[in-house]
Amino acid sequence: MRKSLRITLSSVAAALLFTMSLSAKQTPAHKPARIKLGTVAPKDSSFDKILVEMGQKWQKHDVVLKIYPGGTLGGEAEMVRRMKNGALDAGLLTVVGLSEIDDSVEALQSMPMMFRSLEEVDFIGEKLRPRLERRLRDKGFVVLFWADAGWVRFFSKSEILRPDDLKRTKLFTWAGDVEATDIYKAAGFRPVPLETTDILPSLQMGMIDAVPLPPYVALATQVFKQAPHMLELNWAPLVGAFVITETAWNTFPPATQKALATAAADAGRTMKARNRLESDQAVEAMKKRDLRVHKVPPQFEAEWQRAAEQSYPMIRGRIVPVDLFDEVKRLLSEYRRPIASPKAAEPK
């Protein structure tokens, strides 16, 4: 009886071990997390390559970054809509797209000729960063890095030297940015709202004949072939950020979040430095392929400044929130204030 019992128990144990072993073999292998990221940045551009490099670092932490470049998922407004609906996890967006989340970001870009140098752009960005990131976080988005592509310049089919020349063109503006379009119209310009992906075909078909773009983007998209004149005027910086939905971000444990954020911060620093350098290089490359660069004649500089400043009352409170518009002006005034030299020591 005891022998029979031992045999039965042994058989049951063996059967259990076999079943557990079989179950373990049939359990699917652990799948890494998958993050889908959209951007209008062209495929194989510096933006795209840096994101790919960042994705390779993320993969070491069991996160696969799937990038959809070149506006393949639509314009920036459409990508934000997808993120809000959970169909997309992240985006590398300009202020145009970020403002679909919260209009506070307009303070970094949407005040023409407010900034005199990229150093001022950096200064204001660092001062406003905590406030902007908090507002975006309140809307469900986490900022992993900020970057810019240098100055926006006007590329056109014919020479532009003064504001009146630009007013005679059909000027590209971003689709969905109704307020900016209205302000351009009120200032006497002829804006044509389109998606970024429509710029080149619209130039070819004559729907537009002037486009505000950073030089690197004009080279990468070959826009300069259709608009071979560039006005060397620092109209505004093109600022952007890499954001991820809070829903996607919170699926990662704190240690993974820290590692991903570190890799993203490195990517942001690289992107800003490389884009600014390549902006100047792009102009030289396009000049070798018949781009004609026009400096603003001294007699017209005041006209451009006046045209920009005349738009400020319409921008303040309508595009850029009042508190942030005023804060930018205050901070720039402080930044530009000359440092008083210490008084010479009084003779004893």
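This is a predicted model: local features need pLDDT of at least 70, side-chain atom pairs count only at pLDDT 80 or more; totals for chains, interfaces and linings use all residues.
Trainee: Why is α2 called roughly antiparallel to α12?

Mentor: Take the axes of helix α2 (residues 46–59) and helix α12 (residues 254–287). They cross at roughly 160° and come within 10 Å. Angles over 145 degrees count as roughly antiparallel. That makes α2 roughly antiparallel to α12.

Trainee: Is the crossing of α2 and α12 left-handed or right-handed?

Mentor: α2 passes α12 in a right-handed crossing.

Trainee: Which residues in α2 and α12 meet?

Mentor: Contact means heavy atoms within 4.5 Å. On the α2 side these are Ser-46, Phe-47, Ile-50, Leu-51, Glu-53, Met-54, Lys-57 and Trp-58. Their partners in α12 include Leu-260, Ala-263, Ala-264, Asp-266 and Ala-267. Thr-270, Met-271, Arg-274, Asn-275 and Glu-278 of α12 also take part. By class, the contact of α2 with α12 has ten nonpolar, three polar and five charged residues.

Trainee: At what angle do the axes of α5 and α15 cross?

Mentor: The axes of α5 and helix α15 (residues 322–336) cross at roughly 145°. They come within 10 Å. α5 passes α15 in a right-handed crossing.

Trainee: Which residues make the contact of α5 and α15?

Mentor: α5 brings Glu-119, Glu-120, Phe-123, Ile-124, Lys-127, Leu-128, Arg-131, Leu-132 and Arg-135. α15 answers with Asp-323, Leu-324, Glu-327, Val-328, Leu-331, Leu-332, Tyr-335 and Arg-336.

Trainee: What makes eight residues of the contact of α5 with α15 charged?

Mentor: Asp, Glu, Lys and Arg count as charged. By that rule the contact of α5 with α15 holds eight charged residues, nine nonpolar and no polar.

Trainee: Now the spaces. What makes a set of points a cavity and not a pocket?

Mentor: In a cavity a 1.4 Å probe fits but cannot get out, whereas a pocket is an open set. With a cut-off of 30 Å³ or more, the count comes to one cavity. About 450 Å³ of space lies in this largest cavity.

Trainee: Which residues lie nearest the centre of the largest cavity?

Mentor: Ser-110, Pro-112, Ala-180, Tyr-184 and Trp-235, out of 27 lining residues. β8 gives the most to this lining, with four residues. Other elements with at least two residues there include α4 (95–98), β5 (171–174), α7 (178–186) and α13 (298–310). The lining divides into 21 nonpolar, four polar and two charged residues.

Trainee: How much space lies in the largest pocket?

Mentor: About 550 Å³. The largest pocket has 36 lining residues, and Val-40, Ala-41, Thr-94, Thr-196 and Val-217 lie nearest its centre. Two or more lining residues come from each of α3 (76–85), β3 (90–94), β4 (141–156), α8 (199–205) and β8 (229–245). The lining has 24 nonpolar, eight polar and four charged residues.

Trainee: What is the volume of the second largest pocket?

Mentor: About 360 Å³. Of its 16 lining residues, Glu-126, Arg-129, Trp-146, Ala-147 and Lys-272 are the closest to its centre. α5 (118–138), β4 and α12 each supply at least two.

Trainee: How do its lining residues divide by class?

Mentor: The lining of the second largest pocket has eight nonpolar, two polar and six charged residues.

Notes
Residues are numbered from 1 along each chain as its sequence is written. Side-chain values use heavy atoms; hydrogens and water are left out. Axes are lines fitted to C-alpha atoms, for helices over the stretch in contact, and angles run from 0 to 180 degrees between N-to-C directions. Angles under 35 degrees count as roughly parallel, over 145 as roughly antiparallel, 65 to 115 as roughly perpendicular and the rest as oblique. A crossing is left-handed if the near helix is turned anticlockwise from the far one by less than a right angle, and right-handed if clockwise. On a 1 Å grid over the protein atoms alone, a cavity is a set of points where a 1.4 Å probe fits but cannot get out, and a pocket is an open set with protein on both sides within 12 Å along at least five of seven lines; lining residues have an atom within 4 Å of a point. Grid points are joined across faces, edges and corners, and a volume is the space filled by probe spheres set on the points.
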